[in-house]
Amino acid sequence: MNSDSARGRALLAWFQAAARDLPWRTRPAGQRDPYHVLVSELMLQQTQVSRVVERYHAFITRFPDFLALARADVSDVLALWAGLGYYRRARLLHAAAIAIVSHHAGRMPRDINAIRELPGVGRYTAGAIASMAFALPEPLVDGNVTRVILRLEGRELASDEPAAQALAWRRAAELVAASDHPGAFNEALMELGATVCTPANPRCSACPWSHTCAAFGNQSQSNIPRPKKRAARQALRLECVVLLDALGRVLLEPRPATGLWAGLWHMPSTESHGRARPDPADLLNSLALPSTPLAPAGSVKRTLTHRDVSLRVWAGRLSVRGPKLPGRAWFEPHALPAMSSAHAKVLERAHHALGALHKQS
Ligand code: ADE
């Protein structure tokens, strides 16, 4: 008997008892709707499970299948993606739905190479779709799987080293090939990494693989994986001006199509460099808007993968209807376009400050 097939059976027995009840797990992995797999797996890349759980249902309700998503306006897709971060994924998901409708008659192809050609679908997502939707024995490797395999094999490597990735993909392929239930096997492997074989304080006493785990054998779990060498995060300081007009509308402008918060909307902002803090009133002047007092309304901080962002909030109110401005628009509070969660917080701070000012006067 091959020991990988025994590992597979032990893992599936564990998963049957321990699997979390998550909203996309409506059917056993291997028989899942490929649309549900694509949406949930793209959402889960770089976003915590708890955040995805909060938003998955609304997304699937609004866009129940590839056709509905392909027909949607990308701004509506972005609006439902709000709070998940990395908005490029939402654009790619929309593009994938369009490709499936226009090149594959609205159905996910079953061939792994055709799946990989879809926008936004890399090696991981293709493996997830092939195995969880079509029960094909294709491997998948994410951060959790890499850690599980490095520990299983007792290799003290950083997860992002090429040797670690090569080992993880090779072993993931061998393991899934030895399983009778490739979809469930892959999902169980990720679950093991997420809930038992955690980065700190792994629960080895609950692990179905501990007796064949090299790291458990020599108690090197806490050294595996080795810490990554990480470039220092760049600081980004922005002065954000939240300007309401006499109708209560807020002035917003679109972000550039690439880079941080690509394609979302935000309030006029300037970046501070070094010690200098730009005067937020200059922003109003540069837009040829009537001058109006701007009240400081606190700040919002976010730690992103590559940046430490600090947004200082300035709030003001015009006594007139907001004039038309090229490349910008005034939005009613109940009809805001897609914004990052950081900018939604900025807006909330400003409303709070303006409300307080209003009460004083
Ligand atoms: N991480 C990403 N996809 C997952 C899934 N389907 N189950 C558990 N963890 C995951």
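Mentor: One term before we start. A cavity is a set of grid points where a 1.4 Å probe fits but cannot get out. Also bear in mind that this is a predicted model.

Trainee: Okay. How many cavities of 30 Å³ or more does the structure hold?
Mentor: Two.

Trainee: What's the volume of the largest cavity?
Mentor: About 130 Å³. Its lining has 14 residues. R151, C197, C204, C207 and C213 are the closest to the centre.

Trainee: Which helix gives the largest share of that lining?
Mentor: Helix α9, residues 143–153. Three lining residues come from α9.

Trainee: And how does the lining of the largest cavity divide into nonpolar, polar and charged?
Mentor: Eleven residues are nonpolar, two are polar and one is charged.

Trainee: Now the second largest cavity. How much space lies in there?
Mentor: About 30 Å³. The residues lining it are V241, L243, L251, P268, L283, L284, L287 and L289. Two elements each give two or more residues to that lining: β1 (234–244) and α13 (280–286).

Trainee: What classes are in the lining of the second largest cavity?
Mentor: Eight nonpolar residues, with no polar and no charged ones.

Trainee: Is C207 buried or exposed?
Mentor: Buried, because its relative accessibility is 17% and the cut-off is under 20%. C213 is buried too, with a relative accessible area of 15%.

Trainee: Switching to the ligand. Which residues surround it?
Mentor: R20, W24, R25, E41, L44, Y124, M132, E187, M190 and E191.

Trainee: How far is a ligand nitrogen from an N or O atom in the R25 side chain?
Mentor: 2.7 Å. For the side chain of E41, a ligand nitrogen is also 2.7 Å from an N or O atom.

Trainee: And what's the distance for E187?
Mentor: 2.8 Å, from a nitrogen atom of the ligand to an N or O atom in the E187 side chain.

Technical notes: Residues numbered from 1 in each chain as written. Predicted model: local features only at pLDDT ≥ 70, side-chain atom pairs only at ≥ 80, totals over all residues. Heavy atoms only, no water. 1 Å grid on protein atoms, 1.4 Å probe; cavity = no way out; pocket = protein on both sides within 12 Å on 5 of 7 lines; lining within 4 Å. Points joined across faces, edges and corners; volume = space filled by probe spheres on them. Helix = DSSP H or I, 4+ residues; strand = E, 2+ residues; numbered from the N terminus. Nonpolar A, V, L, I, M, F, W, Y, C, P; charged D, E, K, R; others polar. Buried < 20%, exposed > 50% of the residue type's maximum accessible area, 1.4 Å probe, protein only. Near = heavy atom within 4 Å. Polar contact = N/O pair within 3.5 Å; in protein donor to acceptor, adjacent residues only side chain to side chain.
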